[in-house]
Amino acid sequence: MPPHPYALLGTSVRVATLALEAQAVVAYRAMGMAGIWAVCQSEKRLMIEEKPPDFLESWLAAGFAVMGMKPPLVVLEAALSPLSRTTRANRERLAQNGFKQ
């Protein structure tokens, strides 16, 4: 049975939101490295150290959803959740810093 169109729309919005937030984080960090945006000294370390645990959590969540015979949209949602959580937290944290004085 194919998924309901609204379920497809909701998942598409989550994927697009993740992509937009990730681009915002990249922009904030790039401006921080250029000296335009205020970022903490540990930002370079954070952007490397945060990825392996998040991708592992995403991979495991998707894997458990597959092993539980969940539908493809549920598997995708499980994989998106850890990545979206970290990306949103990064965007919110970096956005509040503002331009460097």
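The largest nonpolar core has five residues: Ala62, Ala65, Val75, Ala78 and Ala79. Such a core is a set of buried Ala, Val, Leu, Ile, Met, Phe, Trp, Tyr and Cys residues joined through side-chain atoms within 4.5 Å; buried means under 20% relative accessible area with a 1.4 Å probe, protein chains only. At least two core residues come from each of helix H3 (51-67) and helix H4 (72-95), and H4 gives the most, three residues. Helices are DSSP runs (H or I, at least four residues) numbered from the N terminus.

This is a predicted model, in which local features need pLDDT of at least 70 and side-chain atom pairs count only at pLDDT 80 or more, while totals for chains, interfaces and linings use all residues. Residues are numbered from 1 along each chain as its sequence is written, and side-chain values use heavy atoms, without hydrogens and water.

The axes of H3 and H4, lines fitted to C-alpha atoms over the stretch in contact, are 7 Å apart at an angle of about 160° (scale 0 to 180 degrees between N-to-C directions). H3 is therefore roughly antiparallel to H4, a term for angles over 145 degrees.

Thr86 lies in H4 and is buried, with a relative accessible area of 17%.

Conventions
Buried < 20%, exposed > 50% of the residue type's maximum accessible area, 1.4 Å probe, protein only. Parallel < 35°, antiparallel > 145°, perpendicular 65-115°, else oblique.
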